[in-house]
Amino acid sequence: MDRARALRAMAGLAGGGDNDAFTQLVTALHPQVYRWALTFARDSDDADEISQQTFVLVHRKLKQYRSDSAFEGWVYSITRRVALQRKRTQKRREWLSESVLPGLERVYNTDPGGRVDRERVAKYIRAFFVELPPRQREVFDLVDLQGHDPSEVAAIIGLKPATVRANLFKARATIRGHIIAAHPSWGDITR
């Protein structure tokens with residue numbers, strides 16, 4: 001049996017719940033996935049992370065694999081998506097740590113003191129944003145930083161609108177709480 005057929009057979013078994021078959025798949029594909037990950041990664045640690053996330057997604061999505069296409073091609077496309085998503089996330093985090101948040105730069109255009117206040121608030125938001133739990137960070141970013149409607153975000157990430165609103169509320173409350181703890185006088189400012 002050639003490699004492609006053997007991989008498809010293992011994928012079929014693993015998709016049916018055979019953990020040993022999935023282990024064999026990971027063992028057979030890991031060197032190749034790692035090599036692919038290196039083409040997208042900054043270093044070997046990043047490539048390890050990409051490889052690991054790839055196999056997590058492969059495991060989750062095995063039932064979606066159609067055996068009429070090359071299994072290695074399917075895994076490569078997942079590796080590529082994982083790597084590009086990691087790169088986008090890293091860029092967004094770098095941007096958040098280095099720049100003023102969108103929308104805040106338009107406040108107090110004519111008031112020099114307002115610009116200082118705006119930059120101080122943006123600094124606090126950036127600092128506390130990275131500490132939010134992943135789901136809250138994702139929802140806060142999509143709604144408050146990118147400007148999507150909560151119902152749009154629910155459709156984008158596959159959650160119920162109520163769940164999106166709850167995560168957004170928690171994220172805003174956490175950030176606001178941290179800012180007020182650092183500056184109690186700011187608590188008098190209306191939301």
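Predicted model: local features only at pLDDT ≥ 70, side-chain atom pairs only at ≥ 80, totals over all residues.
Which loop holds Q64? Select Q64 and you will find this residue in the loop between α3 and α4, where Q64 is exposed, with a relative accessible area of 55%; exposed means over 50% relative accessible area, buried under 20% and partly exposed in between, with a 1.4 Å probe and protein chains only.

Residues are numbered from 1 along each chain as its sequence is written, and side-chain values use heavy atoms, with hydrogens and water left out.

**The whole chain**

Buried residues make up 32% of the 191 residues in the chain. Among contacts between residues at least 6 apart in sequence, 56% join residues at least 24 apart, where contact means heavy atoms within 4.5 Å.

**α1 and α2**

Select α1 and α2 next, which pack at an angle of about 135° with their axes 8 Å apart; axes are lines fitted to C-alpha atoms, for helices over the stretch in contact, and angles run from 0 to 180 degrees between N-to-C directions. The two helices α1 and α2 are therefore oblique to each other, given that angles under 35 degrees count as roughly parallel, over 145 as roughly antiparallel, 65 to 115 as roughly perpendicular and the rest as oblique. Their crossing is left-handed, a term used if the near helix is turned anticlockwise from the far one by less than a right angle, with right-handed used if clockwise. Show the side chains of R3, L7, M10, A11, L13 and A14 in α1, which meet A21, F22, Q24, L25, A28, L29 and Q32 in α2.

**The largest nonpolar core**

Now display the largest nonpolar core, which has 25 residues, and highlight L25, L29, V58, L62, F71, W74 and V75, the members that touch the most others. Such a core is a set of buried Ala, Val, Leu, Ile, Met, Phe, Trp, Tyr and Cys residues joined through side-chain atoms within 4.5 Å. Helices α1 (3-15), α2 (19-40), α3 (44-61) and α4 (71-98) each supply at least two residues of this core, and the largest share, eight residues, comes from α2. Centre the view on V75, which touches L29, V33, W36, T54 and V58, not counting residues up to four places away in sequence.

**The second core, α6 and α7**

A second, separate core of 17 residues includes I125, F129, V139 and A154. Select helix α6 (residues 134-145) together with helix α7 (residues 150-157): these pack at an angle of about 130°, with their axes 10 Å apart, and α6 passes α7 in a right-handed crossing. The contact is made by R135, E138, V139, L142 and V143 of α6 and P150, V153 and I157 of α7.

**N167**

End at N167 in helix α8 (residues 161-182). Is N167 buried or exposed? N167 is buried, with a relative accessible area of 11%, and, leaving aside its neighbours within four places in sequence, N167 is in contact with R135, Q136 and V139.

Definitions and conventions: Helix = DSSP H or I, 4+ residues; strand = E, 2+ residues; numbered from the N terminus.
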